[in-house]
Amino acid sequence: MECREVRQLADAYVSDQVLVETVEAIGAHLEGCRSCRAEIEGLRRVRASVRSAVQGAPDLAMRSEFAAALAQRLQVEATRVAPADTSRRVWLALAASTLLAVGLGFGLQRRSSMAWVALVDDAAGDHQNCAITFKLSEAPIPLTDAANRYGGIYRQLEGVEPSTAALSGGSLQVLDRHSCVYDGRRFVHIVLRYKATTASVLVTADTRPGRWPWEARTGEGALSDLGVSGNYTMASFLVGRQVAFVVSSLDHDDVQEVAQAMTGPVSRALAGA
Amino acid sequence: MVDREQDTSGGVWAAFEAEALPHADRLFRLAMWWERDRREAEDLVQDTLVQALKSFHRFTPGTNCRAWLVTILQHLRSNRRRARHRDLIVEDPNDRIADTVPFVPAVPQHITDEDMLAALRGIPEPYQDIILLCDVEDLSYKEIAQALAVPMGTVMSRLHRGRAALRKALAAGGAFGAERQIPRDGVSGEAG
């Protein structure tokens, strides 16, 4: 192989885009040609430097808060993927990935995914059936009664108030605080009113078998934007072994504002539980 | 109450989580490089992954999932750019470097990340795209051609010219000329 041919193939060679025979022919040429060797080494140095610079640039890195919110939002989105969309290939992929992911870690993550979807569904269901349409099969009870029966967190949240009573769109009022059950799951339910619309803060035990790695990085009390689930916009935050959801038909920015007003007070109240 | 362990949506999520989600970080770096705005990059990556989740039944197991995600990302990015009318200024990047390509300076022995990022930013965008997808994302020529919707010959010629431009920019110690908007859909005079 001549120098001219090596130079023509140099880009493909350093990008691993040439056939095995060509790799061998170029390799043989490089052994005896210092000039071409320097050219190839230079190209490799540029390639490695580009990769290192882009992959290491802190300005290009994803925020852990965004990563957490994104994963949770995708989990909620996954609940809306119709079964008809799941072709045989998806099941084959699932079977393959399950077989490959030997060990408890993957199983734990999968169970955590299922448990998270159940939590989100139940929080949205409780808001709908308790705060909006009053269709619960079991009547809500005062938080004092719940504390006497079940102990735990109920008393600590009895007096919780928003951090501010006035948001950008007007006042944020607490209409009721009680404990209710939806789909077999018991919640502390704080019913709020903002912009003439009902919003719920629903606190319950985080029943997932494990938490996501990024939740350790984002820290407790950090707000996660769950986007729209069914008819409602949702946000969530973790405190100790509890998870709190904010659910409303308000738009995204309003729910975020309500959630921000409730995160601190609820977190502080639960921290004392 | 539904047995959620048997729920098909849970199955889709588990497969998606194992195959696609590990690429989110690299996908974001690419989006951030292109958009230069964190909010825009976050929107783009979120839209990409939601779209990928909805279309996950079309992904062929055993193929390169990152290449598949990059193709969706690039498609959404192109749509956004068209919506913003950012592709109106037409310029052939080959014209800018045609006279200078024959002389390709030696690669400096020590290249700092800052110098490399500045040099990469300074070359025409179509060349940035190819170099990012080839050298950073490790996509094959065929995968790059599919992601950018250009012929494979165009990928090869842009990669060659792009690397030459990058070396020139590095030797010059900075940007290769002023940054300008470059056409996204094909470049005249390229192999294809």
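Me: What is pLDDT, and what does chain A average on that scale?
Reply: pLDDT is the predictor's confidence in each residue, from 0 to 100. The model here is a predicted one, and chain A averages a pLDDT of 82, with 83% of the residues scoring at least 70. Over residues 83–104 of chain A, however, the pLDDT is below 50, although this stretch has 29 contacts in the model beyond near neighbours in sequence.

Me: How should I read the packing of two helices, and at what angle do helix H1 and helix H2 of chain A pack?
Reply: One looks at the angle, the handedness of the crossing and the residues that meet. Helix H1 (residues 3–14) and helix H2 (residues 20–32) of chain A pack at an angle of about 120 degrees, and their axes are 11 Å apart. The crossing in which H1(A) passes H2(A) is left-handed. On the H1(A) side A:Val6, A:Leu9 and A:Tyr13 take part, and they meet A:Thr22, A:Val23, A:Ile26 and A:His29 in H2(A).

Me: Which strands does E7 of chain A pair with, and how do they run?
Reply: Pairing is read from the bridges between strands. Five bridges join strand E6 (residues 224–229) of chain A to E7(A), and these two run antiparallel; seven bridges join E7(A) to strand E8 (residues 242–248) of chain A, again in an antiparallel arrangement. E6(A) and E7(A) form a hairpin with two residues between them, where A:Gly230 in the turn has a positive phi of about 65 degrees. The hairpin of E7(A) and E8(A) likewise has two residues between the strands, and there A:Gly240 takes a positive phi near 55 degrees.

Me: Why is E7(A) described as largely enclosed by the rest of the structure?
Reply: Eight of the eight residues of strand E7 (residues 232–239) of chain A are buried, so the strand is largely enclosed. A:Tyr232, A:Met234, A:Ser236 and A:Leu238 point one way, whereas A:Thr233, A:Ala235, A:Phe237 and A:Val239 point the other way, and all are buried.

Me: Why does A:Ala115 count as partly exposed?
Reply: A:Ala115, which lies in helix H6 (residues 104–132) of chain A, is partly exposed because it has 18 other C-beta atoms within 10 Å, whereas a buried residue would need 20 or more. A:Ala115 also touches A:Thr207, A:Arg208 and A:Pro209, residues up to four places away in sequence not being counted. The C-alpha atoms of A:Ala115 and A:Asp206 are separated by 8.8 Å, while the two residues are 91 residues apart along the chain.

Notes: Residues numbered from 1 in each chain as written. Chains lettered and ligands numbered in written order. Predicted model: local features only at pLDDT ≥ 70, side-chain atom pairs only at ≥ 80, totals over all residues. Helix = DSSP H or I, 4+ residues; strand = E, 2+ residues; numbered from the N terminus. Buried ≥ 20, exposed ≤ 12 C-beta atoms within 10 Å, placed from the backbone. Contact = placed C-beta atoms within 7 Å. Pairing = 2+ DSSP bridges. Axes fitted to C-alpha atoms, helices over the stretch in contact; angles between N-to-C directions. Left-handed = near helix turned anticlockwise from the far one by under 90°.
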